Amino acid sequence: MVPKNIYHNAAIWSTSTWKSAAVSGALFGGFFISWIGVDKTLCVVFILVILSLIILFQIQRKPVLNKKIGEPMKESLQAGVKFVIQNKAILGVLTLDMVAVLFGGTVAILSVFAQDVLKIGPSGFGVLNASISLGSILTMFITTYIPINKKTGKKMLISVFVFGLSIIAFGLSSIYWVSVLALFVSGAADGISMVIRQTILQIKTPDEMRGRVSSVNSMFVGSSNELGAFESGLAAKIAGPVTAVVFGGIMTIITTIVSGALNPTLRNLDLSKETKGN
């Protein structure tokens with residue numbers, strides 16, 4: 001729906017809006033429940049959903065670019081997977097994101113750190129949780145003014161590498177403000193990588209393949225989120241929360257280094273020429 005030269009800007013606003021809604025939604029949800037009760041709060045939610053549908057229908061119709069409408073789901077999914085495997089840039093980006101979420105996700109055991117490691121209680125846990133989203137939101141707004149189309153692949157690798165380092169710092173920290181800062185940096189690095197990933201997926205995917213690639217991307221991200229929570233909990237149970245988090249950060253860094261070394265297409269990816277003048 002947008003020209004190629006502002007894909008990255010659209011990705012920033014799309015991702016930052018979603019992140020902002022996730023944070024403010026929980027905040028206002030709790031406020032409205034305490035103010036007017038659960039039933040009336042759900043009525044407010046219903047009204048907002050209807051309002052969003054009305055706004056959605058204001059978007060003008062555009063021609064359908066996929067010529068294979070009605071294609072069986074199995075064949076469509078196979079075509080998407082085949083395209084992703086053949087496109088080294090997209091495959092590298094999805095692999096990086098999947099591994100980072102799988103091994104670097106600390107959200108599932110943040111409560112354990114708040115209670116047993118940092119001993120900061122529920123309020124401290126809330127600050128830890130919010131610092132991740134705050135880092136993502138602020139960074140995504142900042143990237144509106146920072147071009148990510150130049151040396152895109154290197155910026156993606158650096159952001160995931162920094163994410164891994166911040167996760168290790170959080171795991172090793174026993175000081176509250178250091179842990180908050182580490183999680184803020186992890187959210188910031190994750191926000192940058194999310195924007196870059198969405199931009200690469202939009203620009204490197206042909207119009208007729210967008211739905212298929214989007215489905216594969218959802219499978220990568222969705223499955224890695226759930227598996228990441230399971231892995232974090234299992235690793236924390238077996239080896240302890242600190243070891244589990246540090247191990248996840250190390251695996252993220254190793255994957256970043258290996259991806260950069262073995263995938264020159266991703267490492268040397270530069271989108272400036274592909275977005276210029278479109």
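**Exercise 1. Characterise the second largest pocket of this predicted model by its volume, its lining and the helices that supply the lining.**

*Solution.* 

Step 1. The volume of the second largest pocket comes to about 260 Å³.

Step 2. Its lining consists of T17, A21, S24, G25, F28, G29, F32, T41, V44, V45 and L48.

Step 3. At least two lining residues come from each of helix 1 (7–36) and helix 2 (38–56). Helix 1 gives the most, with seven residues.

Step 4. By residue class, the lining of this pocket holds six nonpolar, five polar and no charged residues.

**Exercise 2. Determine how helix 5 and helix 10 are arranged where their axes come within 10 Å, and state which residues make the contact.**

*Solution.* 

Step 1. Two packed helices are described by the angle between their axes and the distance between the axes.

Step 2. For helix 5 (residues 110–117) and helix 10 (residues 241–262), the axes come within 10 Å and cross at roughly 135°. Helix 5 is therefore oblique to helix 10; the class of roughly antiparallel would require an angle over 145 degrees.

Step 3. The crossing of helix 5 with helix 10 is left-handed.

Step 4. On the side of helix 5, the contact is made by V112, F113 and V117, and on the side of helix 10 by P241, V242 and V245.

Step 5. Sorted by class, the residues of this contact are six nonpolar, no polar and no charged.

Terms used
Residues numbered from 1 in each chain as written. Predicted model: local features only at pLDDT ≥ 70, side-chain atom pairs only at ≥ 80, totals over all residues. Heavy atoms only, no water. 1 Å grid on protein atoms, 1.4 Å probe; cavity = no way out; pocket = protein on both sides within 12 Å on 5 of 7 lines; lining within 4 Å. Points joined across faces, edges and corners; volume = space filled by probe spheres on them. Helix = DSSP H or I, 4+ residues; strand = E, 2+ residues; numbered from the N terminus. Nonpolar A, V, L, I, M, F, W, Y, C, P; charged D, E, K, R; others polar. Axes fitted to C-alpha atoms, helices over the stretch in contact; angles between N-to-C directions. Parallel < 35°, antiparallel > 145°, perpendicular 65-115°, else oblique. Left-handed = near helix turned anticlockwise from the far one by under 90°. Contact = heavy atoms within 4.5 Å.
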